[in-house]
Amino acid sequence: LKLSTHHTLNTLTLSHNDWECNSLRALFKNVARPAVHDADQHCKIDYHLEHDLCCKESDKPYLNRLLQYIAMTSVEEKQRKNEPCSATDAINSAQSLYHYITQQGVVSLQGNEQLEAEVNELRAEVQQLTNEQIQQEQLLQGLHAEIDTNLRRFRLSKDELARPSENLNNVFTHLKKRHAFKLRETQARRTEADAKQKETEHLEQENIALERQLDNKNTM
């Protein structure tokens, strides 16, 4: 905040803002305290009162606010609010903020070493998020291909309008039914084998009895 020598500031409203403490201290070097007629009463978590105004200590205020914004638009937050979520939301948010900062002009970046350093770090964060997104998309494509392979393997029809997870559930349902059928078939064969075993044992006992009768007749 800069004022010419021919102008004075009578009233300044500063409360209920997201102040970074270093910026607030720099402001009060140029503004007399009587010009500020308002004050904060209660501060949010991680904020404290300074010059009767809430502020937050931060070495990288721009990047920290970006991370807060990403957290607000994260998958968990959107699920909690029952909002639709996208894997690219965080990356788009980071890229939008990065482009906004860089488009403000090269002079403003060059005049603020801290902001320039944070923009460079933001660029690295965006690149890392982009690389992670590419890896996740490649993994997802591999899983989709594996689902299609199993559909063909078990000769199941693919619903082109359904989500891949629904087609995967069809594969699981088919495997459960096939397993249950084989289990019933195995149990039936086991029951049949047990019956034949009992029949064989019964015939063996009858054969032994007949042999004894024959032996008795021969000895008479």
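User: What makes up the largest nonpolar core here, and why is it called a core?

Analyst: This is a predicted model, where local features need pLDDT of at least 70, side-chain atom pairs count only at pLDDT 80 or more, and totals for chains, interfaces and linings use all residues. The largest nonpolar core has 11 residues in all: Leu12, Leu14, Trp19, Cys21, Leu24, Leu27, Phe28, Val31, Val36, Leu53 and Cys55.

User: What makes E1 and E3 a pair?

Analyst: Two strands pair if DSSP finds at least two bridges between them. E1 and strand E3 (residues 53-56) have 2 bridges in the parallel sense, so they meet that rule. In E3, Cys55 is the bridge partner of Trp19.

User: Why is Leu143 called partly exposed?

Analyst: Leu143, in helix H6 (residues 113-153), has 47% relative accessibility. Exposed means over 50% and partly exposed lies between that and the buried limit, so Leu143 counts as partly exposed.

User: What does Leu24 touch, leaving out residues up to four places away in sequence?

Analyst: Leu24 touches Trp19, Glu50, Leu53 and Cys55, where contact means heavy atoms within 4.5 Å.

How values were computed. Residues numbered from 1 in each chain as written. Heavy atoms only, no water. Helix = DSSP H or I, 4+ residues; strand = E, 2+ residues; numbered from the N terminus. Buried < 20%, exposed > 50% of the residue type's maximum accessible area, 1.4 Å probe, protein only. Core = buried A, V, L, I, M, F, W, Y, C linked by side-chain atoms within 4.5 Å.
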